[in-house]
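Please consult the sequence and coordinates alongside the text.

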Amino acid sequence: LNTDQLNQITSAGVNPSYADDDGSYNTRFQNDSTYSGTTTAPQTFAAGSGNGLYTATVGVSTGTNTARAALVYYSGTGLYYTYATNDDNTAWSTPVALDTNVGGDYVNMVADKDNHIHIAYQDSFAGDVKYIYMPAYNAPASRKLVVVDSYLTVGGKLTLTVAPGTNTPYITYKGLGNTAKAAWYKANSGTP
């Protein structure tokens, strides 16, 4: 992602400090290329301005003690998806446009108990709540996209979760005015 947007600094230009459990302090994303909590510098997925304004990540189990990362991010006027192609999470797939000519506000992504991918977001261009289901993290072409709610302008403050031990997605979001709304998948015993 555009590291200019990921660097954590205060308005005075000073990097924030974090206290570790042992009482020592460290700084994330310092100018001297030390990245606390990681063994290598962050990876760049897209370059230029406006990339990564809205992002979500998830880890998908690929076996005992291994997982691959998946990333969904907003760029320009599209929502894009990429995933790690190796268990070291150092090689990545070519980004795929999940939805175009949209706003990708409040994007959330969850992997369920069977590693299916669920993505929900507000299309701020249309004022709609949208949901994407992927049966496999490495098969974005098999995705299904639906509009969950399109009544006037809805979808602010959106969150997505999957009930523990199930594959049923639940979306909560702001409706008209100050109303709270919730949506969940009902067909097929709740499994998309």
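Which residues does V107 touch, not counting residues up to four places away in sequence?

## Nonpolar cores

The model is predicted. In it, V107 touches Y54, T55, A56, V72, L79, I119, A120 and Y121, with residues up to four places away in sequence not counted. V107 is also among the residues with the most contacts inside the largest nonpolar core, together with V72, Y81, L98, M109, I117 and I119. This core has 18 residues. Two or more of its residues come from each of β3 (51-63), β4 (66-75), β5 (78-83), β7 (105-111), β8 (117-123) and β9 (128-134).

In soluble globular proteins, nonpolar side chains tend to be buried together.

## An open sheet

Three strands form an open sheet in the order β11-β12-β13, and their pairing is antiparallel. At the edges lie β11 (156-162) and β13 (180-184), each of which pairs on one side only. Neighbouring strands in this sheet are turned by 15 degrees against each other on average, direction ignored.

The antiparallel pairing of β11 with β12 (residues 169-174) extends over 5 bridges. T161 stands opposite Y170 in β12.

## The second largest pocket

The second largest pocket holds about 210 Å³ of space. Its lining consists of Y131, Y133, K144, V146, V147, V148, P169, I171, A183, W184, Y185 and P192. Two or more lining residues come from each of β9, β10 (144-149), β12 and β13. The largest share, 4 residues, is contributed by β10.

Technical notes. Residues are numbered from 1 along each chain as its sequence is written. This is a predicted model: local features need pLDDT of at least 70, side-chain atom pairs count only at pLDDT 80 or more; totals for chains, interfaces and linings use all residues. Side-chain values use heavy atoms; hydrogens and water are left out. A nonpolar core is a set of buried Ala, Val, Leu, Ile, Met, Phe, Trp, Tyr and Cys residues joined through side-chain atoms within 4.5 Å. Buried means under 20% relative accessible area, exposed over 50%, partly exposed in between (1.4 Å probe, protein chains only). Contact means heavy atoms within 4.5 Å. Two strands pair if DSSP finds at least two bridges between them. Axes are lines fitted to C-alpha atoms, for helices over the stretch in contact, and angles run from 0 to 180 degrees between N-to-C directions. On a 1 Å grid over the protein atoms alone, a cavity is a set of points where a 1.4 Å probe fits but cannot get out, and a pocket is an open set with protein on both sides within 12 Å along at least five of seven lines; lining residues have an atom within 4 Å of a point. Grid points are joined across faces, edges and corners, and a volume is the space filled by probe spheres set on the points.
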